[in-house]
Structure formats: C-alpha cells, structure tokens
Amino acid sequence: MDGPSFPNWLGRVTPAHTQKAILLFWLPLAATWLMMSVEGPFLAAIIARLPDPRFNLAAYGVAYAFALLIEAPVIMIMSASTALADNSLHFRRLRSFTYTLIGMVTGLQLLLLIPPVFRSIMLDLIALPPQVASLVYGALWLLLPWPGAIGYRRLFQGILIRDGFTRLVAVGTLIRLSSMAITGLLLFFLLDLPGALVGAASLSTGVMAEALASHFMARGSVKRLAPAPSGGTGEDEELTYGRIIHFYVPLALTSLIGLAAQPLLTFFMGRAVAPLESLAVFPVVAALTFIFRSVGLSFHEVAITLMGRKLEHFRELARFALVLAVVASGAMALVALTPLADLWFLQLSGLSPELAAFAFPPAAILVPLPFLSVLLSFQQAILVAARRTHPISWATAVEVGGMALLFPLLGWHFGVVGVTAAAISIILGRVAANSFLMVPCGRALGRAPWHYRPRSG
C-alpha cells in the first residue's frame with residue numbers, strides 16, 4: 001500500500017450493496033457522527049459547572065451558531081470530494097478550490113470580529129446582553145481556525161470514503177474528541193477562564209488535530225487516485241473549475257441557508273418569552289437531538305458512494321434508509337419521552353431544575369427530526385449522485401423560510417416560550433423541505449434505469 005500502512009481492522013471496506021454490506025460501510029461513519037455528537041453535551045456540561053452558567057451557555061451557543069454559519073460554505077466539501085475526486089487532476093483542482101474557499105470564510109470571520117461590525121450585529125441587531133456579547137467576542141477569536149480546519153479535513157475525509165477507508169474517518173474523529181476533551185478538562189481544572197472561552201478553545205483544538213490526522217491518513221488514498229486522463233472523450237471526464245463551481249455552489253448555498261437557521265432562531269429567541277433561559281437550553285436540546293440526527297447525516301456520503309452514477313442501487317439503499325430512520329427517531333423517543341430525560345438534562349448536562357423545565361417540551365417536539373433527517377440525507381444523495389444539486393438549495397430555502405415565518409407567529413404573536421417555538425418551527429420547516437424534494441427526486445429516478453431492472457436479493 002502506498003502511503004501510511006494501517007492495521008487490518010482499519011483497512012478498506014469494499015463497497016457492496018447487500019443490507020449487511022451497506023451496514024458495514026456505514027457503521028464507521030455513524031460512529032464518527034455519534035462521537036461528534038458527544039462534543040456538544042460534553043462541553044455544555046463543563047460550561048454548566050463553571051461560574052455564571054446561564055451567561056456562558058448562552059454566549060457559547062451564540063458563538064457556535066455564528067461559527068457554523070461562517071463555515072457553511074465549506075461543509076459540503078466532503079460530499080464534493082466523495083462525488084468528484086475520481087482522478088488526480090480532479091483532486092488537485094478540487095483542492096485548489098477548497099483552499100480558496102477556506103481563505104474566503106476565514107476572512108469573513110475576521111470581518112465579523114472588527115469591533116464596530118461586531119457591536120452592530122450582536123448588540124444592536126440581536127440585542128444580546130452586554131455581558132453575553134463580550135463572551136461571544138472572545139469565543140469567536142478562539143474559533144478563528146475552525147472554518148479552515150473543517151474544510152481541510154472534509155476534503156481528505158471525502159477521499160478516504162471514496163477509497164473505502166471509512167474506519168479511518170472514525171479514527172480521525174476519535175483523535176478530535178480526545179484532543180477536545182483533554183483541552184477542555186485542562187482548562188477547567190488549571191485555568192480560571194469563562195466557560196464560553198473554554199468551550200471555544202476546546203472545539204478549535206479538536207478540529208485542528210482531526211484535520212492534521214485526516215491529511216496524514218489520506219496520503220495513500222491520494223496516491224492511488226487514477227492518473228489524469230490524457231484526453232477527454234466524454235462530458236464527465238474533465239472536471240473544470242467552472243464545473244466544480246456549477247456543482248458546488250448549490251451545495252454551499254444549502255449549508256449556508258441551513259446553518260443560517262441557528263443564528264436566525266437565536267435572534268428570534270432573544271426577543272421572545274424567556275429569552276435568556278431559551279438561549280441557555282437551546283444548545284443542550286440541540287446536542288441531544290444531534291446524537292440521533294447524526295445517523296442521518298452519516299448516511300449522506302454512504303448513499304452518494306454506493307448509489308451508482310445511474311442510481312442503479314436505489315432500492316437497496318432505500319430499504320436501509322427506512323429502517324435507519326425508524327430506529328433513530330425511536331431511540332430519541334426513549335430518551336425524550338421517558339424518565340431518561342431527567343438523567344440527560346439534570347445529571348449529564350448539569351442544568352438546574354429551573355432550566356431543565358424549559359428543555360423538556362422542545363425535546364419531545366423534536367422526536368420526529370431524526371427520521372426526517374435520514375429522509376433528507378437520502379433525498380440529497382439521490383440528487384448529488386445524479387449531479388442535479390440545484391433543487392437541494394431550494395429545499396433548504398423552503399425549510400429556513402418556513403422557520404422564519406412560523407417562529408414570529410408562535411413566539412411573538414401567541415407568546416410561546418422561545419425554545420419551544422423554535423422546536424415547532426424546526427419540525428414543520430423540515431417537513432416542508434422533505435416534501436419539496438419529492439418532485440426533483442422523482443424526476444431523477446425517472447431517468448435512472450433502476451426501475452427496469454429485476455429486484456436484487
């Protein structure tokens with residue numbers, strides 16, 4: 001094997017299309033996302049045990065929301081790498097495109113940190129309390145490496161997935177979590193830092209460690225990429241920068257519009273009933289939801305890799321997705337709708353009984369979200385595999401637009417508590433997005449040959 005050598009149990013998983021083979025290919029990526037889902041609750045638990053937990057949890061949630069929004073254009077690099085980097089020339093062009101994108105988003109975060117710009121957004125527009133805004137400012141400085149490291153590691157993780165090394169992606173995430181946890185615990189015990197700054201520093205340290213590990217582990221996969229074709233004989237054979245932009249811009253808009261939802265909801269909750277309590281518990285509820293929603297997110301690249309250029313393996317993946325969706329929402333229901341909710345919010349997350357009371361209703365409302373997330377990942381994978389990415393961004397616009405219309409009605413007109421209004425808006429917005437994608441997915445499948453072939457066993 002060219003590049004670094006790894007133990008057999010970390011070797012390549014050969015892509016195949018039986019239910020067992022899909023499961024084995026997906027499991028390492030599911031473990032990756034599940035490990036990532038521990039990140040939020042772990043840091044929230046540390047922040048909740050440091051001084052001024054309400055202010056610091058709120059500030060950490062706001063800073064994280066803006067960091068996610070700024071990194072949005074690079075999030076889909078892994079999908080692009082999985083789908084497009086099929087030879088060395090295409091990889092080099094995608095890598096140059098990624099580096100340019102990284103520079104742009106890092107510059108955007110620096111622009112936000114210019115004091116007059118920061119004050120106009122955080123104090124005047126969002127109306128954060130000054131103490132919370134001050135903590136957000138420090139946290140965003142510590143999160144400055146975050147978008148670049150995310151884009152860099154996603155580029156190489158896509159190469160690993162395409163080459164069948166999904167287990168190495170999980171190893172990278174384990175390195176990220178270990179680095180994050182060690183940093184968080186050292187700062188907790190050794191330094192007298194505000195909780196929001198502890199959380200931000202830990203996040204940045206973890207993702208930078210993962211980016212370096214992903215680069216190292218993918219060296220062999222990069223070397224094994226097919227050589228650049230000597231001459232194009234078909235439309236798909238040469239990936240120009242123009243084609244990268246045409247393919248990627250809808251995906252970037254998808255993540256940008258989608259991640260705009262959290263700052264948007266932050267703005268809405270800051271002006272609704274119980275604003276400080278809502279801002280404090282929203283990251284904790286979101287962290288719980290993310291644990292079960294992550295199985296859908298992990299299925300996205302699996303479906304892109306295994307679907308086939310002509311969507312010929314749609315049936316097998318659809319059966320797997322249905323089981324996955326039901327299990328994910330059922331597992332969340334066991335936590336959110338039973339006494340396990342007390343264990344999660346009071347014991348593990350460290351919320352006071354007063355704050356936990358604000359978290360129970362939205363957690364119950366969000367139980368269908370994991371099911372809807374698996375469905376959305378599958379729908380998006382169909383369109384990415386078919387190279388029809390534009391409907392994906394339109395669906396996300398429908399989802400966020402629905403939230404933007406519903407929250408003012410619920411939270412401002414009817415006086416629903418901010419975090420509960422946010423949960424209702426999230427669910428109904430996602431249903432709207434899933435419904436919107438039914439038509440373009442049906443069209444893509446109508447052009448594919450899968451329905452003419454006999455069912456596989």
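1. Arginine 271 sits in the loop between α12 and α13. Helices here are DSSP runs of H or I with at least four residues, numbered from the N terminus. The model is predicted, so local features need pLDDT of at least 70 and side-chain atom pairs count only at pLDDT 80 or more, while totals for chains, interfaces and linings use all residues. Residues are numbered from 1 along each chain as its sequence is written, and side-chain values use heavy atoms, with hydrogens and water left out.

2. Confidence: the chain averages a pLDDT of 86, and 92% of the residues score at least 70; pLDDT is the predictor's confidence in each residue, from 0 to 100. Over residues 449-457 the pLDDT is below 50, and this stretch has 15 contacts in the model beyond near neighbours in sequence.

3. Arginine 271 counts as partly exposed because its relative accessibility is 40% (buried is under 20% relative accessible area, exposed over 50%, partly exposed in between, with a 1.4 Å probe and protein chains only). Leaving aside residues up to four places away in sequence, arginine 271 touches Asp124, Leu125, Ile126, Ala127 and Trp412, contact meaning heavy atoms within 4.5 Å. From arginine 271 to tryptophan 412 the C-alpha to C-alpha distance is 7.9 Å, across 141 residues in sequence.

4. Helix α3 (residues 77-84) packs with helix α13 (residues 275-307) at an angle of about 15°, the axes lying 9 Å apart. Axes are lines fitted to C-alpha atoms over the stretch in contact, and angles run from 0 to 180 degrees between N-to-C directions. The two helices are therefore roughly parallel (angles under 35 degrees). The contact is made by Met78, Ser79, Thr82 and Ala83 of α3 and by His300, Glu301, Ile304 and Thr305 of α13. By class, it has three nonpolar, four polar and one charged residues.

5. α3 also packs with helix α7 (residues 146-162), at an angle of about 35° and with axes 7 Å apart. Residues of α3 in this contact are Ile77, Met78, Ser81, Thr82, Ala83 and Leu84; those of α7 are Gly151, Arg154, Leu155, Gln157, Gly158, Ile159, Ile161 and Arg162. The contact of α3 with α7 divides into seven nonpolar, five polar and two charged residues. Ala, Val, Leu, Ile, Met, Phe, Trp, Tyr, Cys and Pro count as nonpolar, Asp, Glu, Lys and Arg as charged, and the others, Gly among them, as polar.

Note on methods: Parallel < 35°, antiparallel > 145°, perpendicular 65-115°, else oblique.
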